[in-house]
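Hello,

Here is the structure I promised to pass on. Please have it open while you read; my notes follow below.

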Amino acid sequence: MLAQQSARFPAARTALGIDGAIDLIHDVAADVILNAITGSVGLSATLAALDTPARLALANKESLVVGGALVREKVRPGQLQPVDSEHCAILQALRAGTHDEVRRLIVTASGGPFRGRTRDSLGEVMPADALAHPTWNMGQVITTNSATLVNEGLEVIEAHLLFDIDYDAIDVVVHPQSIVHSMVEFIDGSTIAQASVPDMRLAIALGLDPNRRMQPVTPMLDWTTSSSWTFEPLDNELFPAVELAKQVGKAGATYPAVYNAANEVAVHAFHDRAISFLSIVEIVQRVVEVHDAPGELTLASLADSESWARAEATTLKS
Ligand SMILES: NC(=O)C1=CN([C@@H]2O[C@H](COP(=O)(O)OP(=O)(O)OC[C@H]3O[C@@H](n4cnc5c(N)ncnc54)[C@H](OP(=O)(O)O)[C@@H]3O)[C@@H](O)[C@H]2O)C=CC1
Ligand SMILES: CC(=O)[C@@H](O)[C@H](O)COP(=O)(O)O
Ligand SMILES: [Mn+2]
């Protein structure tokens, strides 16, 4: 596949694997580094990119979530541009006011393929069902995370770390059409929303150059025909992943890394047919509950906690 891609998009250098990615970051002078690796394995690439003069366009939300303060303390002003659609939307909306004028962030979620279902009906769902995302075409892990709402859990932590807004002032609202990519509510009662068709090219283009809007990057919204955008509260009983993420985010230290690592193991186990869909978040919950965080967040304590969480989740899935 890499050979095919190199033929289609001529590249001076290509590399495979995380070590190859780090070598690329060290060896190739770049204006922008786009990290679109899946999973917390991307943390070392994020940290290496932040050590260069380049801007970091970050799709790999897991690296920010697990790295937390370790990532934040390396970022120079303006160096990190979120490519996640919700955070790209929030950044655009934040231009409408100052930090002190922000009242809440409203992160929108499609609700995934199981929106509106009962818990009983989720007992038997298969990987193919979880991968039938209603609006976005994405990789296996993030699509499964959209189905469990773990994706929104990670995105709440990501929003807190990017924009320095309290967890209690970050809401998740279900918007099945994925047109409004998120909103910022200001203290005067104004809410600024960013709307566009669900197409990642827009967030990627702004990730590559946040200071310039390019000629149409995605199709325009169609205002000539009737359409409805709907919003509904998240069913936190059916999808406890967001509340759990807020708890781990508030706990800080290695808790977000443990949440993510347990989820990565559980998602793979679900796709290997080793556990049920509902077991994914149950396993994450149980691993988080028994985690005893080390006092200080360091790369070493992070690695230890992640290994521990992966082992614990592996035991629970057996
Ligand atoms: N797809 C989307 O629309 C969005 C994605 N994101 C985020 O972007 C990231 C990528 O998502 P997506 O493109 O959908 O996922 P894909 O599954 O399509 O792609 C994942 C990429 O990660 C690489 N990768 C996985 N494991 C490793 C590893 N151990 N070492 C090095 N590279 C690795 C893969 O490389 P290889 O092919 O060689 O295995 C592949 O290039 C995720 O963090 C996701 O949450 C965020 C918002 C939207
Ligand atoms: C495109 C993007 O940013 C994804 O994170 C997307 O938001 C996932 O869809 P859900 O809203 O279903 O989680
Ligand atoms: Mn997103």
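Please keep in mind that this is a predicted model. I started with the UniProt record, an unreviewed entry, which places the feature "binding site" at Lys-61, Ser-85, Glu-86, Ser-110, His-133, Ser-146, Asn-151 and Glu-155. From this set, Ser-85 belongs to the lining of the largest cavity.

Two of the listed positions may interest you. Ser-146 sits in helix 8, which covers residues 140-148. Its relative accessibility is 4%, so Ser-146 counts as buried, the cut-off being under 20%. Leaving aside residues up to four places away in sequence, Ser-146 touches Gly-111, Gly-112, His-133, Met-138, Asn-151 and Glu-152. Both His-133 and Asn-151 are also in the record's "binding site" list.

Glu-155 lies in helix 9 (residues 150-163), and Glu-155 is buried too, because its relative accessible area is 1%. With the sequence neighbours up to four places away again left out, Glu-155 is in contact with Lys-61, Asp-84, Glu-86, His-87 and Val-107.

How do helix 12 and helix 13 pack? Helix 12 (residues 255-271) and helix 13 (residues 277-290) meet at an angle of about 150°, and their axes are 8 Å apart. The two are therefore roughly antiparallel, and their crossing is right-handed. On the helix 12 side, the contacts involve residues including Tyr-255, Tyr-259, Asn-263 and Phe-270; among their partners in helix 13 are Phe-277, Ile-280, Val-284 and Val-288.

Best wishes

Definitions and conventions
Residues numbered from 1 in each chain as written. Chains lettered and ligands numbered in written order. Predicted model: local features only at pLDDT ≥ 70, side-chain atom pairs only at ≥ 80, totals over all residues. Heavy atoms only, no water. UniProt positions renumbered as here; feature names shortened; annotations may be inferred. 1 Å grid on protein atoms, 1.4 Å probe; cavity = no way out; pocket = protein on both sides within 12 Å on 5 of 7 lines; lining within 4 Å. Helix = DSSP H or I, 4+ residues; strand = E, 2+ residues; numbered from the N terminus. Buried < 20%, exposed > 50% of the residue type's maximum accessible area, 1.4 Å probe, protein only. Contact = heavy atoms within 4.5 Å. Axes fitted to C-alpha atoms, helices over the stretch in contact; angles between N-to-C directions. Parallel < 35°, antiparallel > 145°, perpendicular 65-115°, else oblique. Left-handed = near helix turned anticlockwise from the far one by under 90°.
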